[in-house]
Amino acid sequence: MADQLIIFDTTLRDGEQSPGASMTRDEKLRIARQLERLRVDVIEAGFAASSNGDFEAVKAIADHIKDSIVCSLARANDRDISRAAEALKGAARSRIHTFIATSELHMEKKLRMTREQVLEQARQAVRFARNLSGDVEFSPEDGYRSDPEFLARVLEVVIAEGAGTINIPDTVGYAVPELFGHFIRDLRERVPNSDKAIWSVHCHNDLGMAVANSLAGVMIGGARQVECTINGLGERAGNCSLEEVVMAVKTRRDHFKLELNIDASQIVPASRMVSQTTGFVVQPNKAVVGANAFAHASGIHQDGVLKARDTYEIMRAEDVGWAANKIVLGKLSGRNAFKQRLQELGISLDSEAEVNAAFARFKDLADRKSEIFDEDILALVGDESVTAEQEHYRLLSLSQRSETGERPHAAVAFAAGSTEFHAESDGNGPVDASLKAIESKVQSGAELMLYSVNAITSGSTESQGEVTVRLQHGGRVVNGVGADPDIVVASAKAYLSALNKLHSKAERVAAQG
Ligand code: KIV
Ligand code: ZN
């Protein structure tokens with residue numbers, strides 16, 4: 001029987017550490033549910049001790065997710081580990097993931113600790129974590145740049161203390177595949193009790209080799225867990241991309257000979273949800289999930305694919321969740337049909353009030369757009385204004401005037417709590433005028449760091465525009481997303497959605513280290 005490869009998703013922890021990718025508790029819960037549908041083995045839900053917001057997110061995910069193991073990161077100290085255990089209390093299956101740096105550089109410059117102190121702290125941390133959880137993972141941060149002999153001593157000790165998973169991070173993305181594979185293999189040979197743990201790899205993508213390094217860790221090194229993120233989300237150049245590792249192992253089963261629990265048909269919906277939530281757009285030529293990943297432009301390729309798909313396709317688009325743009329509902333569809341379609345798309349809204357709000361928005365959209373696709377529905381439920389009653393700022397109406405040779409002008413009405421505001425402004429363009437009008441009343445002082453527009457469904461100017469706005473204020477970075485057939489309206493919604501996040505008190509303290 002083929003070995004199992006464990007897929008450990010860290011989109012909600014390491015992925016979220018990417019500046020600008022921070023997510024609210026509800027956004028994280030929505031993504032966790034999608035990861036469960038994708039059937040990832042482990043969901044790293046966050047870093048419970050880093051902030052109250054992260055604690056609440058880990059707790060909510062632990063309370064809701066039943067099929068995947070829910071994990072929290074914790075530095076190697078009692079406080080962090082207790083906090084992780086506390087957040088994970090409600091989980092059906094949980095894991096504490098504790099870490100401490102082991103490279104000379106990190107120990108000397110960052111931790112200011114000796115080797116013996118680090119070794120002792122790792123031992124105590126795993127011992128403490130094992131008293132609180134039967135499933136403990138240990139990571140030596142910057143493991144790949146650590147002295148293998150010292151690293152092996154640390155790993156022997158933590159395995160003896162009961163760490164069931166040993167994860168080797170290439171924290172700075174310095175590895176190359178062959179060397180990394182041999183590094184893992186040699187390490188396993190050096191550690192006398194290595195067979196008592198599952199070995200895992202965690203690669204960053206600074207040199208664009210995170211996927212190749214992870215697979216070398218598996219094939220040469222014998223690792224049986226890969227840590228990865230949807231769309232390769234993560235700090236700097238990101239983490240190892242889940243969809244690429246999964247599809248490599250599935251498509252080249254002849255070579256890898258490994259089993260996966262993953263339901264690949266949930267990959268594209270997961271990719272879309274992460275990109276929409278974080279505002280990190282997927283590049284069109286990205287493997288598996290890019291808009292062009294299955295598009296054949298050249299005549300020779302098109303001809304070949306029409307005659308026999310496998311002339312130029314090694315995977316089937318539908319197997320990874322690319323549905324042909326399907327008209328699902330229209331103006332005359334009722335609430336039950338809408339609810340059923342939500343279910344088919346794997347979307348569970350928490351309350352009847354949320355279903356009602358989403359349905360009202362669907363009707364509104366159907367009045368203005370003749371064909372409603374699955375993507376429109378996904379955007380609609382992802383839209384912050386579905387839960388409008390919980391939001392402080394809400395768009396009420398917008399009108400704008402632009403004409404060649406004239407300076408554009410916008411008039412916006414929006415609610416802030418129970419107060420209604422009417423604001424007007426000129427601007428360089430209608431979007432600029434609308435955002436300036438809102439800002440003239442809110443006076444957030446936030447700096448606009450990113451503004452991007454995408455068509456939700458490709459190939460038609462009738463598509464809804466999906467706008468992402470990233471704002472920075474007082475050290476916090478938030479994303480707002482808004483969708484509408486009118487991109488000026490979508491922009492105003494996105495701006496108000498970002499302001500709502502700034503308005504919420506959830507602060508994040510130290511991210512890591
Ligand atoms: O990259 C890294 O070293 C990490 C560890 C905390 C696992 O993310
Ligand atoms: Zn990492």
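Mentor: Let's start with how elements are named here: helices and strands are DSSP runs, numbered from the N terminus. Keep in mind that this is a predicted model.

Trainee: With that naming, where is the place of Ser 194?

Mentor: Ser 194 sits in a loop, the one that runs between α8 (177–190) and β8 (198–203).

Trainee: Is Ser 194 buried or exposed?

Mentor: The general idea is a cut-off: a residue counts as buried under 20% relative accessible area. Ser 194 has a relative accessible area of 12%, so Ser 194 is buried.

Trainee: Which residues is Ser 194 in contact with, leaving aside its neighbours within four places in sequence?

Mentor: Ile 159, Arg 188 and Trp 199 are the contacts of Ser 194 on that count.

Trainee: Let's turn to the ligand. Which residues around ligand 1 come nearest?

Mentor: There are 12 residues around ligand 1, and the nearest are Arg 13, Asp 14, Thr 171, His 202 and His 204. Look at the polar atoms next. The side chain of Thr 171 has an N or O atom 2.6 Å from an oxygen atom of ligand 1. Arg 13 places a polar side-chain atom 3.0 Å from a ligand 1 oxygen, and for His 204 the distance is 3.0 Å.

Trainee: How much of ligand 1 does the protein bury?

Mentor: Taken alone, ligand 1 exposes 260 Å², and the protein buries 98% of that.

Trainee: Which elements each supply at least two residues of the shell around ligand 1?

Mentor: Those are α1 (11–15), β5 (94–101), β6 (136–141) and β7 (165–170). By type, the shell holds seven polar, three charged and two nonpolar residues.

Notes:
Residues numbered from 1 in each chain as written. Chains lettered and ligands numbered in written order. Predicted model: local features only at pLDDT ≥ 70, side-chain atom pairs only at ≥ 80, totals over all residues. Heavy atoms only, no water. Helix = DSSP H or I, 4+ residues; strand = E, 2+ residues; numbered from the N terminus. Buried < 20%, exposed > 50% of the residue type's maximum accessible area, 1.4 Å probe, protein only. Contact = heavy atoms within 4.5 Å. Near = heavy atom within 4 Å. Polar contact = N/O pair within 3.5 Å; in protein donor to acceptor, adjacent residues only side chain to side chain. Areas by Shrake-Rupley, 256 points an atom, 1.4 Å probe, with all protein chains shown as cover. Nonpolar A, V, L, I, M, F, W, Y, C, P; charged D, E, K, R; others polar.
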